[in-house]
Amino acid sequence: MNDETPKSHSPYTGRWVARVNGRIIAQGGTPEQALRASQHSRFKEKPEIIFMPASFTLSPLLEKIMDALPADQEIYLVGGAVRDLLTSRFSPDLDFAVPSNGISLARKVANSLHASFVPLDEERDTGRVVVIDESGAQTFLDFATYRGATLDEDLRARDFTINALAYNLRDGTIFDPLEGGNDLRKKLIRACSNTSLSDDPVRILRAIRQAAAFGFHIDRNTRELMKQAASELVRVSPERLRDEVFKILKGPKPDAAIRALEMLGVLSHLMPELLAMKGVAQSEPHVYEVWTHTLAVLDYLDQIISALRVGYDAEKTNDMFTGLLTLRLGRYRGQIAEHFSKSLNVDRSMRSLLFFAALYHDVSKPDTKTVEESGRIRFFEHDLKGVEIAAQRARSFNLSNDEIERLQAIIKNHMRIHFFADRLEKEKQEPSRKAIYRFFRDSGEAGIDLILLGLADVRGTRAHSLTIETWNIYLDVARILLENYWERPQEAVAPPRLIDGNELMKELSLKPGPLVGQLLEAIRENQAAGKIEDREQALVFAREELTKGLNGEV
């Protein structure tokens with residue numbers, strides 16, 4: 001059979017081919033490339049240049065966009081949206097390239113779809129349409145005029161070849177001047193040109209993020225270009241750097257991505273304070289130095305959150321530690337999902353903030369390292385001192401005040417889970433109701449993050465030397481804390497207020513001041529401990545404390 005089709009010759013799918021007498025003699029990413037390649041064949045006849053259609057499902061939204069535009073309007077779906085189409089991934093953002101009038105075309109589409117319109121970048125003639133479906137999910141449609149005189153110039157000016165693809169909405173053909181389709185098949189990230197990374201250094205972070213997200217590897221020459229352009233990151237705005245860092249931490253394999261940033265010499269220009277952790281030795285039970293431990297914690301945290309997600313099939317795991325985790329804590333999947341669905345900033349997830357905290361949780365160990373006569377290494381108050389180093393980086397990234405407070409709460413309190421576990425292991429003492437109250441009083445919603453980080457921390461500390469017995473102890477602590485937080489918060493976490501400050505001042509003839517707050521907090525602690533159950537007992541307790549002169553126990 002001479003006629004060759006995409007089904008019988010899948011390497012040609014989505015490609016332009018040159019055919020002579022029904023036989024494919026050459027191929028390329030564009031009609032011109034296929035024609036040039038055919039000139040090197042032994043056939044003298046003029047070839048027929050055709051496109052071999054790719055098989056994928058188009059969003060119904062594309063048809064509505066086409067209906068909103070003039071029939072002769074030249075328009076291409078470009079960039080990551082085409083990449084995602086070819087790899088069967090969902091893309092909530094659709095970018096379109098047009099020869100001119102990007103903003104006016106966006107406005108026309110917005111009017112037709114009854115959607116919101118934003119003039120995104122007047123200098124680049126880019127407009128955005130925001131479509132909201134019945135579930136409330138948003139799809140962003142960006143319409144931009146070619147960056148250059150032609151579509152070819154536009155695509156060549158992009159970051160990586162896998163993102164330099166254009167799908168013609170009119171005839172269903174793909175324009176691929178840089179062989180991005182082939183790179184997709186090879187799972188390769190390759191720069192569009194030797195200046196792609198120096199033109200916009202934030203692309204260095206994007207390459208690493210996309211390599212982790214897609215399971216791709218980065219082309220050797222591109223890695224060299226990344227190293228060369230790393231020093232140029234200083235001219236990128238802190239907000240753009242922050243956004244890429246948080247996308248890396250939100251995505252898969254954050255540990256591998258951060259390791260890649262280190263190995264390529266990027267961290268010294270991005271978060272140099274992290275490098276001080278490299279090579280800092282630790283005593284047992286640690287099996288790694290501080291930096292390797294930190295990366296291991298990121299990896300284990302990723303595994304733990306994944307195992308506790310809704311829909312995770314616990315029966316498929318062959319890891320005993322993960323199996324025990326899901327057995328003991330699996331009933332909280334829904335609550336954990338709800339916890340991470342909340343956000344302190346509309347542009348950044350709670351997950352990424354937790355991973356940022358994990359990245360910095362031991363950042364002060366190099367500065368607090370001491371060695372005892374016995375040779376044991378200590379890091380006194382590394383949790384407290386690490387708070388400010390992390391907060392400085394957070395402020396430089398322009399995180400919100402709420403995000404910085406959450407970050408500080410996680411790092412400041414990250415040792416408390418270990419204290420609970422140590423006491424349970426050595427003294428057989430579970431966390432008391434008063435201890436549980438104080439833990440959540442000091443951490444609030446960050447308490448959930450601390451529990452997950454604590455589990456990841458012990459795995460990253462002991463790694464292969466972790467015993468089932470010790471892991472069960474940590475799971476016991478986690479279960480006790482989560483039970484109190486989600487199943488009976490009125491007992492130890494947030495007991496109902498029995499008396500307020502005004503009532504207390506009236507009953508005890510007190511003047512406004514710190515003493516009133518101290519008494520109220522002491523009442524709450526003892527209420528959480530089960531020692532105070534009603535208003536009268538609260539007043540009796542307060543009078544006794546006054547009589548004792550508030551000897552510091554309040």
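Which residues does Trp471 touch, not counting residues up to four places away in sequence? I looked this up before anything else.

**Entry 1: ground rules**

I am working on a predicted model, where local features need pLDDT of at least 70, side-chain atom pairs count only at pLDDT 80 or more, and totals for chains, interfaces and linings use all residues. Residues are numbered from 1 along each chain as its sequence is written, and side-chain values use heavy atoms, with hydrogens and water left out.

**Entry 2: Trp471**

I list Ile304, Phe321, Leu324, Leu325, Leu455, Val458, Arg459 and Leu466 as touching Trp471. Contact here means heavy atoms within 4.5 Å. Trp471 counts as buried because its relative accessibility is 1%. I take buried as under 20% relative accessible area, exposed as over 50% and partly exposed as in between, with a 1.4 Å probe and protein chains only.

I then checked the ring of Trp471 for charges. The charged end of Arg459 sits over that ring, 5.7 Å from its centre. The test asks for NZ of Lys or CZ of Arg within 6 Å of the ring centre and within 35 degrees of the ring normal. I also noted Arg393, whose charged end sits over the ring of Phe397, 5.6 Å from the centre.

**Entry 3: aromatic pairs**

I searched the whole structure and found twelve aromatic pairs. Rings of Phe, Tyr and Trp (its six-membered ring) pair if their centres lie within 6.5 Å; planes under 30 degrees apart are stacked, over 60 edge-to-face, and the rest tilted. Phe321 and Trp471 make an edge-to-face pair, at 6.1 Å centre to centre and 75° between the planes. This pair links distant parts of the chain: Phe321 is in helix α14 (residues 320–329) and Trp471 in helix α23 (residues 468–487), 150 residues apart. Helices (H or I, at least four residues) and strands (E, at least two) are DSSP runs, numbered from the N terminus. Phe321 has 14% relative accessibility, so it counts as buried.

Tyr485 and Trp486 are also edge-to-face, with 5.7 Å between centres and 70° between planes. Why is Trp486 classed as partly exposed? Its relative accessible area is 22%.

**Entry 4: cores**

I looked for the largest nonpolar core and found 142 residues in it. Such a core is a set of buried Ala, Val, Leu, Ile, Met, Phe, Trp, Tyr and Cys residues joined through side-chain atoms within 4.5 Å. Ile65, Phe96, Leu141, Met271 and Trp471 have the most contacts inside it. Helix α13 (residues 290–307) gives the most to this core, eleven residues. Apart from it lies another core, of 15 residues, including Met505, Ile532, Ala538 and Ala542.

Ile532 turned up again with Asn526. Leaving aside neighbours within four places in sequence, Asn526 is in contact with Lys434, Lys531, Ile532 and Phe541. Asn526 lies in helix α26 (residues 514–528). Its relative accessibility is 11%, so Asn526 counts as buried.

**Entry 5: the three-stranded sheet**

I traced an open sheet of three strands in the order β2-β1-β3, with antiparallel pairing. Two strands pair if DSSP finds at least two bridges between them. β2 and β3 are the edge strands, each pairing on one side only. The twist averages 30° from one strand to the next. Axes are lines fitted to C-alpha atoms, for helices over the stretch in contact, and angles run from 0 to 180 degrees between N-to-C directions.

Five bridges join β1 to β2 (residues 23–28), and Val20 has Arg23 as its bridge partner. The two strands form a hairpin with two residues between them, and Asn21 in the turn has a positive phi of about 55°. Val17 stands opposite Ile50, and Trp16 stands opposite Phe51.

Which way do the side chains of β1 point? Trp16, Ala18 and Val20 point one way, Val17 and Arg19 the other, and all are buried. In a regular strand the side chains alternate between the two faces of the sheet. Helix α1 (residues 31–38) lies across β1, β2 and β3, at about 125° to β2.

**Entry 6: the seven-stranded sheet**

I read the order as β6-β7-β8-β5-β4-β9-β10, an open sheet with mixed pairing. Its edge strands are β6 (116–121) and β10 (174–175). Three bridges join β4 (residues 76–78) to β9 (residues 166–168), which run antiparallel. Helix α4 (residues 102–113) lies across β5, β6, β7 and β8, running at about 15° to β7.
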